[in-house]
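Please keep the sequence and the model in view while reading.

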Amino acid sequence: MIRRLKYHEIDFVKYAQCLDNSEQRKYSATKEFLDTTSTMPWEILVYKDYEAVMPVPFVRKYGMKIVHNPKLCQQLGVFSTKDDVDLNEAFLEYLEKNYMIRAYSFNDVNQLRTKIRIKKNFLLYPDTYEKIRANYSPKRKRKLRLSEEVLKESEVKTISFDKAETFIEVNTIGLSKDNDLYEFRRIFESFYKLGYLKFTAFYYQNKIVNVIATYTDCNMVALLGNFNDKDYVKLSGASVLIDTVIKENIETHIFDFEGGELPNIEEFFRGFRPELRPYGIIENSKKNLFKKLGYLIMRGKSFLW
């Protein structure tokens with residue numbers, strides 16, 4: 001039996017236990033991650049006595065609650081001791097019948113019979129750094145061989161949120177300078193204060209030219225942000241930073257590249273020879289959302305605030 005629980009009804013001890021013991025374990029489903037990234041209280045679908053759970057976050061659109069993965073939250077889906085296609089399908093059916101869905105991602109372990117769009121992600125699994133490094137592509141290895149001049153003039157440092165914030169604001173590409181950038185800054189700052197987020201910078205001639213933001217939890221290190229000064233791209237600082245974090249963590253943690261849909265990003269990530277781990281996503285256009293709204297109103301469902 002699948003039930004829908006609002007935020008105040010969730011037993012977070014049982015929820016955390018279910019996540020910790022799940023085959024699909026992901027940092028992005030934890031209470032701390034969703035509390036930070038979500039802009040409103042989220043819900044869960046729960047099977048029996050927390051034998052399986054499915055977190056369901058919302059955004060506010062058109063005066064209604066609409067299911068949408070929060071910013072920086074790549075994967076959610078069903079979490080259970082053993083991944084079960086029938087159970088996953090039951091959760092999917094309940095979700096689609098009872099919610100307005102704009103975009104909702106399952107995780108890379110969830111198996112489904114229903115055909116939904118597949119997106120790419122890449123993971124490196126724990127091993128010795130020497131074996132991981134040996135598998136890098138020849139091109140990535142060349143990028144990591146810095147010249148003597150660059151080596152003398154550069155260094156890698158862990159930096160504070162304040163230092164990272166200034167660099168990120170100047171070098172963020174593809175985001176609105178108002179709402180989107182504000183939200184990412186808010187989330188980054190919250191994660192940093194909670195101790196989950198680390199900023200690593202590549203300095204050249206005493207100037208920051210690359211910064212990466214990595215989130216650590218649930219035996220995973222996730223690349224939540226990669227920011228570069230375009231005037232120094234040829235120095236390969238981003239490759240050096242990612243390699244540094246991999247070296248520091250890969251024996252005990254999975255490294256999650258958090259993406260790979262754009263061709264140039266995919267090519268860059270593939271240079272580290274990670275494993276492709278695709279995941280499914282449900283998406284609906286605005287037109288389909290309004291059609292669904294009419295159907296749900298007829299069934300007496302309320303989505304107004």
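The side chains of K139 and E267 form a salt bridge, with 3.4 Å between N and O; the term denotes a side-chain nitrogen of Lys or Arg within 4 Å of a carboxyl oxygen of Asp or Glu. Because K139 belongs to helix 5 and E267 to helix 10, the pair ties together parts that are 128 residues apart in sequence. K139 is partly exposed, its relative accessible area being 39%; buried means under 20%, exposed over 50%, and partly exposed in between, with a 1.4 Å probe and protein chains only. Helices (H or I, at least four residues) and strands (E, at least two) are DSSP runs, numbered from the N terminus.

This is a predicted model, in which local features need pLDDT of at least 70 and side-chain atom pairs count only at pLDDT 80 or more, whereas totals for chains, interfaces and linings use all residues. Residues are numbered from 1 along each chain as its sequence is written, and side-chain values use heavy atoms, with hydrogens and water left out.

Helix 10 spans residues 263-270 and lies across strand 9, strand 13 and strand 15, at about 15° to strand 9. Such angles run from 0 to 180 degrees between N-to-C directions, and the axes are lines fitted to C-alpha atoms, for helices over the stretch in contact. Which residues of helix 10 are buried? They are E266, F268 and F269. These residues cover an arc of only 160° around the axis, which means that they lie on the same side of helix 10; the arc is that of the directions from the helix axis to the C-beta atoms. P263 and N264, on the other side of helix 10, are exposed. The cover over the buried residues of helix 10 includes strand 9, helix 5 (138-144), strand 13 and helix 9 (237-249), where contact means heavy atoms within 4.5 Å.

Helix 9 is itself mostly covered, as 10 of its 13 residues are buried. Among them are V240, L241, I242, V245 and I246. At 1.5 Å a residue, helix 9 should span 18 Å, and its end C-alpha atoms are 19 Å apart, which agrees; the expected span is 1.5 Å times one less than the number of residues.

Seven strands form an open sheet with mixed pairing, in the order 10-11-12-13-14-9-15; two strands pair if DSSP finds at least two bridges between them. Its edge strands, strand 10 (154-159) and strand 15 (275-276), each pair on one side only. Strand 15 runs antiparallel to strand 9 (residues 122-124), and two bridges join them. F122 has L276 of strand 15 as its bridge partner. Helix 7 (residues 161-171) lies across strands 10, 11, 12 and 13, and runs at about 115° to strand 12.

By the rule given above, the count comes to 23 salt bridges. One of the pairs is K65 with E43, at 3.2 Å from N to O. This pair links strand 5 (residues 64-68), which holds K65, to strand 2 (residues 43-47), which holds E43, 22 residues apart. K65 is buried at a relative accessible area of 18%, and E43 is buried at 2%.

R185 forms a salt bridge with E165, with the closest N and O atoms 3.4 Å apart. Here the linked parts are helix 8 (residues 179-194), with R185, and helix 7, with E165, 20 residues apart. R185 is partly exposed, with a relative accessible area of 24%. Salt bridges that share partners also join K26, D108, E275 and R277 into one network.
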